[in-house]
Amino acid sequence: MHCNHCSSKVEQALRALPGVHRVSVDLAAKQATVMASQEVLDEQLKKTVTEAGFQVVDIQ
């Protein structure tokens, strides 16, 4: 993510996932924090970010 448009795109894509309660994107850190129900799998998050055109480095 390089700009506010990029971070907004990632945030919108993640918020659209069923079970996602909250998304916070830190553009400076190039990091997204997601609060979601247990039904949301890491693989779904990775796929969503990748399909939005961005790379996933690590999920913690």
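# Briefing: core, pocket and selected residues

Ser7 is found in helix 1. The model is predicted. Ser7 is buried, at 9% relative accessible area. The largest nonpolar core has 13 residues, and the largest pocket has a volume of about 720 Å³. A search of the whole structure finds 0 disulfides.

- Beyond its neighbours up to four places away in sequence, Ser7 touches Met1, Val25 and Leu27.
- Met1 is also among the core residues with the most contacts inside the largest nonpolar core, together with Val10, Leu14 and Phe54.
- Leu14 touches Val20, Val23, Ala32, Val34, Leu45, Thr48 and Val49, with residues up to four places away in sequence left out.

**Thr48 in helix 2**

- Thr48 has its place in helix 2.
- Is Thr48 buried or exposed? Thr48 counts as buried, because its relative accessibility of 14% is under 20%.

- Why do Cys3 and Cys6 form no disulfide? The sulfur of Cys3 is 3.5 Å from that of Cys6, its closest cysteine sulfur, and this is too far for a bond.
- The cut-off is 2.5 Å between the two sulfur atoms.
- Cys6 is likewise in no disulfide, as its nearest cysteine sulfur is that of Cys3.
- Cys3 is partly exposed, with a relative accessible area of 31%, whereas Cys6 is buried, with 14%.

**Largest pocket**

- The largest pocket is lined by 23 residues.
- Which residues lie nearest its centre? They are Gln31, Ala32, Val56, Asp58 and Ile59.
- Ala32 is also one of the residues that Leu14 touches.
- Helix 1, strand 2 (31–36) and helix 2 are the elements that give two or more residues to the lining.
- Strand 2 supplies the largest share of the lining, 5 residues.
- By residue class, the lining divides into 14 nonpolar, 5 polar and 4 charged.

- Lys30 lies in the loop between strand 1 and strand 2.
- Lys30 is not a glycine, yet its phi is positive, at about 55°.
- Lys30 is partly exposed, with a relative accessible area of 49%.
- Met35 is found in strand 2.
- Met35 counts as partly exposed, at 43% relative accessibility.
- Met35 touches Val20, His21 and Arg22, not counting residues up to four places away in sequence.
- Met35 and Val23 are 12 residues apart in sequence, and their C-alpha atoms are 6.4 Å apart in space.

**Loop between strand 2 and helix 2**

- Ser37 is found in the loop between strand 2 and helix 2.
- Leaving aside neighbours within four places in sequence, Ser37 is in contact with Gly19 and His21.
- Ser37 and Val49 are 12 residues apart in sequence and 18 Å apart in space, C-alpha to C-alpha.
- Val40 is found in the loop between strand 2 and helix 2 as well.
- Val40 is buried, with a relative accessible area of 12%.
- Which residues does Val40 touch, not counting those up to four places away in sequence? They are Pro18, Gly19, Val20 and Leu45.
- Val40 and Asp58 are 18 residues apart in sequence and 16 Å apart in space, C-alpha to C-alpha.
- Asp58 is one of the residues nearest the centre of the largest pocket.

- Val20 is touched by Leu14, by Met35 and by Val40.
- Leu45 is touched by Leu14 and by Val40.
- Gly19 is in contact with Ser37 and with Val40.
- His21 is in contact with Ser37 and with Met35.

Methods
Residues numbered from 1 in each chain as written. Predicted model: local features only at pLDDT ≥ 70, side-chain atom pairs only at ≥ 80, totals over all residues. Heavy atoms only, no water. Buried < 20%, exposed > 50% of the residue type's maximum accessible area, 1.4 Å probe, protein only. Core = buried A, V, L, I, M, F, W, Y, C linked by side-chain atoms within 4.5 Å. Contact = heavy atoms within 4.5 Å. 1 Å grid on protein atoms, 1.4 Å probe; cavity = no way out; pocket = protein on both sides within 12 Å on 5 of 7 lines; lining within 4 Å. Points joined across faces, edges and corners; volume = space filled by probe spheres on them. Helix = DSSP H or I, 4+ residues; strand = E, 2+ residues; numbered from the N terminus. Nonpolar A, V, L, I, M, F, W, Y, C, P; charged D, E, K, R; others polar.
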